[in-house]
Amino acid sequence: MSERLEPGDVAPAFTLTDADGTDVSLAGYKGRKVIVYFYPAALTPGCTKQACDFTDNLDLLAGAGYDVVGISPDKPEKLARFREQESLKVTLLADPDKQVLEAYGAFGEKKLYGKTVVGVIRSTVVVDEEGKVERALYNVKATGHVAKIIRDLGV
């Protein structure tokens, strides 16, 4: 099981492919705060709700200096369908090898319908302008999570 991040940790560097096939790196966000959220699968009800909530609040978050990046093990083609079908505006990145998910502590054992399974742990990590972890939230709920982040960040 991967180690969970704590505030003050250096956020693990990554370069992943987005829905358009373009490489996106965490380093490209230096100087801005970025909310990196990890979700199990595009085009599923909970993940759709969460992505739509982030999209609906993107202007508010951007105005407060936050960019938003969603990462799942889906391939870029599926992310493109997800973005088009749901009119998403957040940056969606593909991590099919799950290396970034593991580096951020967002992949491992979790409870699903009372059974222990291995998979993506719905998580959100807020990275500050210097690339350090400001907040790390694990086992978050898809519904209501974005509103909670906005409250917690004082946006």
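Modeller: The model is predicted. Seven strands make up an open sheet, ordered β2-β1-β5-β4-β3-β8-β9, with mixed pairing.

Biologist: What makes β2 and β9 the edge strands?

Modeller: β2 (23-25) and β9 (133-138) each pair on one side only. Neighbouring strands in this sheet are turned against each other by 30° on average, direction ignored.

Biologist: Why do β4 and β5 count as paired?

Modeller: Two strands pair if there are at least two bridges between them. In one of them, Gly 70 has Leu 92 of β5 as its partner.

Biologist: Which helices lie across these strands?

Modeller: α3 lies across β1, β4 and β5, and runs at about 155° to β5. α1 lies across β3 (33-38), β4 and β8 (123-127), at about 165° to β3.

Biologist: Which residues of α3 are buried, and how do you know on which side of α3 they lie?

Modeller: In α3 (residues 76-86), the buried residues are Pro 76, Leu 79, Ala 80 and Phe 82. They cover an arc of only 160° around the axis, which puts them on the same side of α3. An α-helix has 3.6 residues a turn, so residues three or four places apart point the same way. Their cover includes β1 (15-18), α1 (45-56), β4 (66-72) and β5 (91-94). Glu 77, Glu 84 and Gln 85 are exposed on the other side of α3. Just after α3, Ser 87 has a positive phi of about 55°.

Biologist: Why is the pair of Phe 14 and Tyr 104 called edge-to-face?

Modeller: The ring planes of Phe 14 and Tyr 104 stand at 70°, and planes over 60 degrees apart count as edge-to-face. Their centres are 6.1 Å apart, within the 6.5 Å required for a pair. Phe 14 sits in the segment before β1 and Tyr 104 in the loop between α4 (99-103) and β6 (107-112), 90 residues apart.

Biologist: What makes the pair of Phe 38 and Tyr 104 tilted?

Modeller: The angle between the planes of Phe 38 and Tyr 104 is 40°, with 5.2 Å centre to centre. Under 30 degrees would be stacked and over 60 edge-to-face, so this pair is tilted. Phe 38 is in strand β3, 66 residues from Tyr 104.

Biologist: How do you know that Phe 38 is buried?

Modeller: Phe 38 has a relative accessible area of 0%. Buried means under 20%, so Phe 38 qualifies. Tyr 104, also at 0%, is buried as well.

Technical notes
Residues are numbered from 1 along each chain as its sequence is written. This is a predicted model: local features need pLDDT of at least 70, side-chain atom pairs count only at pLDDT 80 or more; totals for chains, interfaces and linings use all residues. Side-chain values use heavy atoms; hydrogens and water are left out. Buried means under 20% relative accessible area, exposed over 50%, partly exposed in between (1.4 Å probe, protein chains only). Helices (H or I, at least four residues) and strands (E, at least two) are DSSP runs, numbered from the N terminus. The arc is that of the directions from the helix axis to the C-beta atoms. Contact means heavy atoms within 4.5 Å. Axes are lines fitted to C-alpha atoms, for helices over the stretch in contact, and angles run from 0 to 180 degrees between N-to-C directions. Rings of Phe, Tyr and Trp (its six-membered ring) pair if their centres lie within 6.5 Å; planes under 30 degrees apart count as stacked, over 60 as edge-to-face and the rest as tilted.
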